[in-house]
Amino acid sequence: MGNLLIITFSGVRYGVWEDAVHSIIGALPLHRLPLSPPVIAGIALFEDRSAVIADLGACLGRPSLKRPQDGTFLIINGGDTIAGFCVEGKVEGFTCSPERVHSLPPAVATSVADTCAARGVSLIPIINIRNLHERLKKGLLD
């Protein structure tokens, strides 16, 4: 059994494995960086250090959050640096058994999302947030 964090962007649900996230916190004030790409929501102070916060929805091609300060931050412990993703609203938990996890068809699978979880009659794409973070660090924003 794994714990899946359920997040929603514009009514569409996605999942992130809880063990891939260092901590979940209420949004902190963000300082927007001039000339930064739209996927970067800004810089926040977290545990007396600065953290780059990306807009998870924008990373997935969804519209940027209008008010990221009203959402939640998923903090990734990147070692010497701290980074995270802002998400819309609150994050919900879901205990997911391995039988509920399925591979996405090759036509829609990506390096950022290649599995989904069955929950009732819905399929929830699971985001590989560590892979997404590595892609962002390399400047691969497409």
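pLDDT is the predictor's confidence in each residue, on a scale from 0 to 100.

**View 1. Confidence across the predicted model.** The structure shown is a predicted model. Its pLDDT averages 88 over the protein, and 96% of the residues score at least 70. Confidence is lowest in strand β6 (residues 72-78), where the mean is 84. Strand β9 has the highest confidence, at 94.

**View 2. The open sheet of 6 strands.** The strands follow the order β8-β1-β2-β11-β10-β9, with mixed pairing. β8 (92-96) and β9 stand at the edges; each has a single partner strand, so one side of each is left without a neighbour in the sheet. From one strand to the next, the twist averages 40 degrees. Strands of a sheet pair through backbone hydrogen bonds, either parallel or antiparallel.

**View 3. Pairing of β9 with β10.** Strand β9 covers residues 101-103 and strand β10 covers residues 115-119. The two pair in the antiparallel sense over 3 bridges.

**View 4. The hairpin of β10 and β11.** Strand β11 (residues 122-127) pairs with β10 in the antiparallel sense over 5 bridges. Between β10 and β11 lie 2 residues, and the strands form a hairpin. G120, in the turn, has a positive phi of about 65 degrees.

**View 5. C116 and its bridge partners.** In β11, the bridge partner of C116 is P125.

Definitions and conventions: Residues numbered from 1 in each chain as written. Predicted model: local features only at pLDDT ≥ 70, side-chain atom pairs only at ≥ 80, totals over all residues. Heavy atoms only, no water. Pairing = 2+ DSSP bridges. Helix = DSSP H or I, 4+ residues; strand = E, 2+ residues; numbered from the N terminus. Axes fitted to C-alpha atoms, helices over the stretch in contact; angles between N-to-C directions.
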